[in-house]
There are 2 protein chains.
Amino acid sequence: MPRTTPHSTIADETLDRAAAVLRVLAHPVRLRIVDRLLAGPVHVSQLADELDLPQAVVSQHLSQMRAHEIVQQRRESRRVFYEVINPHAEHLLECIRKHGDGR
Amino acid sequence: MPRTTPHSTIADETLDRAAAVLRVLAHPVRLRIVDRLLAGPVHVSQLADELDLPQAVVSQHLSQMRAHEIVQQRRESRRVFYEVINPHAEHLLECIRKHGDGR
DNA sequence: TTGATATATCTGAATGCAATGATATTATTG
DNA sequence: CAATAATATCATTGCATTCAGATATATCAA
């Protein structure tokens, strides 16, 4: 039985991990990247080009999301294509698309 | 017509605001607070007590969530009770409760 | 008004995060 | 093998966040 704070319904470890994933998604550039990836396949330099950001910036954000298993890479000769593999991330983007930001 | 990055489906401003709200929720303590608030009414010192955190820390987190209209305060004599007013925050906690953190 | 209780705010120190520019790695082509 | 292209990683710097302790504000009771 995992330890929980009195009266709370979710285990502390679960909230810790959820917060870690949320922290990764809680960045404008990373949300833009996820949004773009959901729209269709792109490779890194294409992403950097479309979002008008330096290659290193895009690559670092992708690396961070890869570490948290939000995206996955697939090499195609010199290019590296990315795709979203975390269903929660997809769901979140759908929520933002539907309800905006809640204001 | 709001400006969007080419090929992306969500306006930049929407993603910016969504990221701002997510950033607030993306913290273990704040998730715990929201979780606890959803379970029933509590005032600040009770929260601090249950979560075993200094009063100033809890108050600061509440203040931050108040600023982003995630929670609302209601004074009752000397006590201040808080409640969650952002439906997206509730939804998010339900997702965490149901699917854990997605692993 | 004084004292006690509950909450909020402020300040400083430590830590974490993000962008930049440079360098390293990997794959491909000649 | 050398040169190029695409991506990843590193190191630095600046900025934001977090916690802790102290102080301020607000409410109530005596």
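Helices (H or I, at least four residues) and strands (E, at least two) are taken as DSSP runs and numbered from the N terminus. By that definition, the largest share of the surface near DNA strand D comes from helix 4 of chain A, which supplies six residues. The model is predicted: local features need pLDDT of at least 70, side-chain atom pairs count only at pLDDT 80 or more, and totals for chains, interfaces and linings use all residues. Residues are numbered from 1 along each chain as its sequence is written, while chains are lettered from A and ligands numbered from 1 in the order in which they are written.

Chain A holds five helices and three strands. From the N terminus on, their order is α-α-β-α-α-β-β-α. Chain A has 103 residues, and 32% of them are buried. A residue counts as buried if 20 or more other C-beta atoms lie within 10 Å of its own, as exposed if 12 or fewer do, and as partly exposed in between, with C-beta atoms placed from the backbone. Two residues are in contact if their C-beta atoms, placed from the backbone, lie within 7 Å. Among contacts in chain A between residues at least 6 apart in sequence, 42% join residues at least 24 apart.

The DNA surfaces come next. By class, the surface near DNA strand D has eight nonpolar, nine polar and three charged residues. Here Ala, Val, Leu, Ile, Met, Phe, Trp, Tyr, Cys and Pro count as nonpolar, Asp, Glu, Lys and Arg as charged, and the others, Gly among them, as polar.

DNA strand C is surrounded by 21 residues, and the closest are A:Ser77, B:His43, B:Val44, B:Ser45 and B:Ala56. Two or more residues each come from helix 4 (55-67) of chain A and from helix 3 (44-51), helix 4 (55-67) and strand 3 (79-84) of chain B. Helix 4 of chain B gives the largest share of the surface near DNA strand C, six residues. The surface near DNA strand C divides into eight nonpolar, nine polar and four charged residues.

The two protein chains also touch. The contact takes 36 residues from chain B and 36 residues from chain A. On the chain B side, helix 1 (12-25), helix 2 (28-39), helix 3 and helix 5 (87-99) each give two or more residues. Helix 1 of chain B gives the most, with 10 residues. The side of chain B that touches chain A divides into 15 nonpolar, 11 polar and 10 charged residues.

One helix pair spans the two chains. Helix 1 (residues 12-25) of chain A and helix 2 of chain B pack at an angle of about 120°, with their axes 8 Å apart. Axes are lines fitted to C-alpha atoms, for helices over the stretch in contact, and angles run from 0 to 180 degrees between N-to-C directions. Helix 1 of chain A and helix 2 of chain B are therefore oblique to each other. Angles under 35 degrees count as roughly parallel, over 145 as roughly antiparallel, 65 to 115 as roughly perpendicular and the rest as oblique. A:Leu15, A:Asp16, A:Ala18 and A:Ala19 of helix 1 of chain A meet B:Pro28, B:Leu31, B:Arg32 and B:Asp35 of helix 2 of chain B. By class, this contact has five nonpolar, no polar and three charged residues.

Within chain B, the axes of helix 2 and helix 5 come within 10 Å and cross at roughly 95°. These two helices are therefore roughly perpendicular to each other. B:Val34, B:Asp35 and B:Leu38 in helix 2 meet B:Ala89, B:Glu90 and B:Leu93 in helix 5. The contact divides into four nonpolar, no polar and two charged residues.

Two loop residues of chain B remain. Most residues other than glycine have a negative phi. B:Asp52, a residue other than glycine, has a positive phi near 55°. B:Asp52 lies in the loop between helix 3 and helix 4 of chain B. B:Asp52 counts as exposed because it has 8 C-beta neighbours inside 10 Å. B:Ser77 is not a glycine either, and its phi is positive, about 55°. B:Ser77 sits in the loop between strand 2 (71-76) and strand 3 of chain B. With 5 other C-beta atoms within 10 Å, B:Ser77 is exposed.

How values were computed. Near = placed C-beta within 6 Å.
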